[in-house]
Amino acid sequence: MNRRTLIGAVTAIAAVPLLNRVASAQTSPKTKNVVFVHGLFADGSSWSKVIARLQQKGINCTSVQNPLTSLHEASEAARRAIAAQPGPTVLVGHSFSGMIVTDVGVDPKVTALVYVAARAPDAGEDYTALAKNYPTPPATAGIVFNDNWGRLSEEAFLHNFAGDLPPEEARVLYAVQQPFKKSLTTEKTTNAAWRTKPTFYAVSTQDRTINPDLERFMAKRAGAITIEFPTASHVGGITVYSKQFTHVIERAVETTAVNE
């Protein structure tokens, strides 16, 4: 697959830093494993469209059921999934789970990181403070708490989380969303795996859950190959644009090697 095939009508940014990292890596067997981690307002089934496409190409896929209780417990779940892989692994995260990718991605088994409309903080960074540098996205107002557990209201889910999906499909995703513990959103990572691993980032240009300009900032800071999905909602990159996003993961699988 050439670069033009991957990018198509979208945009690649800061490719040189990533390609330099890949060139300096020790040649090894191609990655054949992909581990997915979901974010808030979702569960592991949110990756189903992408997984089906990758499985057709002989790639082993695992979707972690993120407990959404604490960053430590969520990271441990991802670590267990990575440890169970039979070889080099690409780690993929959506939304909040970018925190997990950033923290756990330092694992030597991980060959590349793929973020889709995801948080990509620096080590020890206060993500909430970083996000306040940009206009607050509409979905924030739609979070409903029951004691210390939060969910997105149906109206906010349909319009601000999955606005580019047919309503009947969005309602299925709404039904399987898992509640998250309120304290989870204030925790900080101890690592910044994107500083040492080849990184890809898919921006959802019509995101109403994470500000698209914040996504662009984090992608640029990470030196990521950046792909923008026009008209994509927060979840659109892995649903409406599942075919194009699969190409991004394929590129990560095909061009990365295990760092010594």
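1. Let's start with the second largest cavity, which has a volume of about 30 Å³. A cavity here is a set of points, on a 1 Å grid over the protein atoms alone, where a 1.4 Å probe fits but cannot get out. The volume is the space filled by probe spheres set on those points, with points joined across faces, edges and corners. Rolling a probe the size of a water molecule over the atoms shows where empty space is left.

2. A quick word on what you're looking at: this is a predicted model, where local features need pLDDT of at least 70, side-chain atom pairs count only at pLDDT 80 or more, and totals for chains, interfaces and linings use all residues. Residues are numbered from 1 along each chain as its sequence is written, and side-chain values use heavy atoms, leaving out hydrogens and water.

3. Which residues line the second largest cavity? They are Met 99, Arg 119, Glu 125, Asp 126, Tyr 127, Thr 128, Thr 185, Thr 186, Glu 187 and Lys 188, where lining means having an atom within 4 Å of a point. By class, that makes two nonpolar, three polar and five charged residues. For the classes, Ala, Val, Leu, Ile, Met, Phe, Trp, Tyr, Cys and Pro count as nonpolar, Asp, Glu, Lys and Arg as charged, and the others, Gly among them, as polar.

4. Now for the largest cavity, at about 40 Å³. Its lining has seven nonpolar, one polar and one charged residues; among them are Phe 41, Asp 43, Ser 46 and Val 235. H7 and H8 each supply at least two residues of this lining. Helices (H or I, at least four residues) and strands (E, at least two) are DSSP runs, numbered from the N terminus.

5. On to charges: the structure holds eight salt bridges, each being a side-chain nitrogen of Lys or Arg within 4 Å of a carboxyl oxygen of Asp or Glu. Glu 125, which we met in a cavity lining, forms one with Arg 221, their closest N and O atoms being 2.9 Å apart. Glu 125 lies in the loop between strand E4 (110–116) and helix H6 (127–131), and Arg 221 in helix H9 (residues 212–221), so the pair ties together parts that are 96 residues apart in sequence. Glu 125 counts as buried at 18% relative accessibility, while Arg 221 is partly exposed at 26%. Buried means under 20% relative accessible area, exposed over 50%, and partly exposed in between (1.4 Å probe, protein chains only).

6. Compare a local pair: Glu 76 and Arg 79 also form a salt bridge, with closest N and O atoms 2.9 Å apart. Because they sit three residues apart in helix H4 (residues 71–83), about one helical turn separates them.

7. Finally, take a look at His 38, in the loop between strand E1 (33–37) and helix H3 (48–55). Is His 38 buried or exposed? It is buried, with a relative accessible area of 0%. Leaving out residues up to four places away in sequence, its contacts (heavy atoms within 4.5 Å) include Trp 47, Val 64, Leu 68 and His 94. Ser 97 is another residue that His 38 touches; the two are 59 residues apart in sequence and 5.7 Å apart in space, C-alpha to C-alpha. A polar atom of the His 38 side chain also lies 3.0 Å from the backbone nitrogen of Asn 66.

How values were computed. A polar contact is a pair of N or O atoms within 3.5 Å; within protein, one must be able to donate a hydrogen and the other to accept it, and residues adjacent in sequence count only if both atoms are side-chain atoms. On a 1 Å grid over the protein atoms alone, a cavity is a set of points where a 1.4 Å probe fits but cannot get out, and a pocket is an open set with protein on both sides within 12 Å along at least five of seven lines; lining residues have an atom within 4 Å of a point.
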